[in-house]
Amino acid sequence: MAYVAIADRDAPIHDPHTFFLKYIWSQDHKVIAIQYAIVAISVGLVALVLSGLMRLQLGFPNTFHFIDPNDYYQFITMHGMIMVIYLLTALFLGGFGNYLIPLMCGARDMVFPYMNMLSFWVYLLAVLVLMASFFVPGGPTGAGWTLYPPQAVLTGTPGAGLGIILMLVSLGIFIVAFTMGGLNYVTTVLQARCRGMTLMRMPLSVWGIFMATILGLLAFPALLVSAVMMTLDSTLGTSFFMPAVISMGQKLGHNGGSPLLFQHLFWFFGHPEVYIVALPAFGIVSDLLSTHARKNIFGYRMMVWAILAIGGLSFVVWAHHMYVSGMNPYFGFFFATTTLIIAVPTAIKVYNWVLTLWKGDIHLTVPMMFAIGFIFTFIHGGLTGLFLGNVTVDLPLSDTYFVVAHFHMVMGVSPILVVFGAIYHWFPKITGRMWNVTLGKVHFWMTFLGTYAIYLPMHYLGILGVPRRYYALGNTDFIPDSVHSINASITIAALIVAAAQLVFLYNMITSLRKGEKAPPNPWRATTLEWQTPDTPPHHGNWGPKLPVVYRWAYDYSVPGAKEDFIPQNEPVDPALGAGRDHGKHR
Amino acid sequence: MSNTAIFTALATGVVAWFLVVSRLTAKSWESQSEKGDVGAIRMAPQRIGLWIFMAVVTSLFSLFISAYAMRMHVGAWCHITIPNILWVNSLVLVGASIAMQRARWAADHGARDGARSALVVGGMLSLAFLAGQLMAWQQVGPSVYFISGSPAVAFFYVLSAVHGLHLIGGLLVLGRTTARFVAGAELIDLRLSLQLCAVYWHFLLLVWLVVFGVLLYL
């Protein structure tokens, strides 16, 4: 079904009644969001299983004979790529972006609904191509998620034939899908806001998703460029990235290509990608904290400016991933500086989250627990980032488990905690049902404590110098026995955390069918998506009239107001004034 | 690092643009206004969509060109001998761009016949450009062997192919507009499409001229 995004009319411009057109080939942003989320979570579960298999091998080497070194590298590669791109990017932007942007901005739909629908189907195609690589001769690529040439396309690397080609093709398709979706998200935010919804009245979730989409639109082309050129290197024998190589005793036809060029291009995409995942998480967590602490977000303007600053700076830090690559050492100085500068707006956000909690009326609901958990894991991962951002500290820690621990904490666990918090927060609106609170809390504690049990010891492994990417450590002098026990315990923790996700899935599926019926605004939140006439919102979202916005998104616990929240679409009472000035005029 | 320069400029440009068009200093918590202005840019969504898309394509080509510039200095590089037909192709694309602009003007002045003929001329010239590019490929092909030969030749293939694909995408939209035209759609309904086609054609012309300049002079 397709609506004009901002017209005051209840009739869709195109209104199919069949199940197929309503729920499969649908142009409704809410249906597309759910489709994106289901595919992303499904493929994420595949990646979760892969990580479990890797942990089995690392924790108990020589036990699971069905995992050989090739499999291990394939698991690493697919786990990384799926989690970063096909799960987190797709879920935050395709899933939450699609669902929240029109509802939070007061639009009936995205401005280009047909293209939005295509975006999902092209994304699905990208996922299917990627999954197909599990079934081709040689299996998926085992080049590591960074796909560095020359090894990515050389014989000896698992999946160097079809596997790497399918990976590159799938990435190309994904970028097309993302561009179609991204054009929609940005244009909708710019054009389809309802009356009164100025940019500076938008909830921070929309700000985060908006800026992340802009980053994606500018950064994904770098991945496309590297994917196209690497495909040509591996199929037609060009020498963009491939230097003269002797492989298996034979001189290959390549000559003069630059592997370093690939690294520059890859990380020119790769670093903004971190913020493509992080900014939506920042935005969403701000809204969760404010709503469940019944307090306006601390420093709203500063939060918006920080999002913009992080977005701009994220384009000038990429080479901090390449300190050991052999690039000009003076670059290291420049990129270490920019890396430390980007910590400033990020730290401002963290302070503001904590200050939002300060003296708030904190409700420890399940979404709130995940949001607070995020503050812990994000501070933790952010601090280790300061270590790795400095060249001299990075050099000994590079390629050790310290790096693995750092990036999992900062861009694995932290965004995933926000994803869970967001699902628990918006589930009542999306489905019209409440979930089981006890199971939700069990899920939180198992996940939160479990991830600490996994990643905290990994920092220690890294400081000991245990290298990452190794299939098995064997008997090496500098690796004490304690490393083996730690690895075993990490594996057990990882399996427990994986099992905890079954609790989550069980909770969501049973609640969908048997959960208590959700009230329209269970969290007593101010933002527009909770003020829809129907729960879940019908097609077109708003009934006959579009909402009109009179205030910002954070009027919680306003002195003098009759309730502890004032929805954005509630008119200003002249006797009371607006926003923070409420009560001053009495 | 040309990457850095081009992209920080681009990214900061976007941010600066926001600072200009929207008041990011508004103290929204204090706002007393009954119904604040939307502050949305008064432009057709399709127009904004196209401009954002062109930013994405600019990003794509800047990166290709940055890669070209970086690869030049690495090794086993020899410049491409530019086939003369590329000069002709460039002129043809300029012609296509002018024709699209004429179609746009004609539509603005309500001249239906003028718009239609200009549209057809623009489409034909674009097809001629693509055919000319294929001929250029053939001329380049035998002179320097593709595989382990000059990466400049490989870059020429890639850049012209990517540019050509974007032009083909434009031709699909143009075809759709022409079909609506032939089916008798009102000129007033087609105006936006024609305007956007013209903008996109100028943009692709600019991209091609930059690519051509890079191949010639860098």
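**View 1. Helix H9 of chain A, end to end.** In this predicted model, helix H9 of chain A covers residues 329-357. At 1.5 Å a residue, its 29 residues should span 42 Å, and the end C-alpha atoms sit 43 Å apart, so the two figures agree. Just past the helix, Lys359(A) takes a positive phi of about 60°.

**View 2. The buried residues of H9(A) and what they pack against.** Which residues of H9(A) are buried? They are Gly332(A), Phe335(A), Ala336(A), Thr339(A), Ile342(A), Lys349(A), Asn352(A), Trp353(A) and Thr356(A). Their packing partners are four helices of chain A: H7 (259-292), H8 (300-313), H10 (366-389) and H11 (391-397).

**View 3. Helices H2 and H4 of chain A, packed together.** Here H2 (residues 29-59) meets H4 (residues 113-132) at an angle of about 10°, with 10 Å between their axes. Angles under 35 degrees count as roughly parallel, so that's what H2(A) and H4(A) are to each other. On the H2(A) side, the contact is made by His29(A), Ile32(A), Gln35(A), Tyr36(A), Val39(A) and Val43(A). H4(A) brings Asn116(A), Met117(A), Phe120(A), Tyr123(A), Leu124(A) and Val127(A).

**View 4. Confidence along chain A, and a stretch to read with care.** Chain A has a mean pLDDT of 92, with 96% of its residues at 70 or more. Over residues 581-586 of chain A, though, the pLDDT is below 50. That stretch still has 17 contacts in the model beyond near neighbours in sequence.

Technical notes:
Residues are numbered from 1 along each chain as its sequence is written. Chains are lettered from A and ligands numbered from 1 in the order in which they are written. This is a predicted model: local features need pLDDT of at least 70, side-chain atom pairs count only at pLDDT 80 or more; totals for chains, interfaces and linings use all residues. pLDDT is the predictor's confidence in each residue, from 0 to 100. Two residues are in contact if their C-beta atoms, placed from the backbone, lie within 7 Å. Helices (H or I, at least four residues) and strands (E, at least two) are DSSP runs, numbered from the N terminus. The expected span of a helix is 1.5 Å times one less than its number of residues. A residue is buried if 20 or more other C-beta atoms lie within 10 Å of its own, exposed if 12 or fewer, and partly exposed in between; C-beta atoms are placed from the backbone. Axes are lines fitted to C-alpha atoms, for helices over the stretch in contact, and angles run from 0 to 180 degrees between N-to-C directions. Angles under 35 degrees count as roughly parallel, over 145 as roughly antiparallel, 65 to 115 as roughly perpendicular and the rest as oblique.
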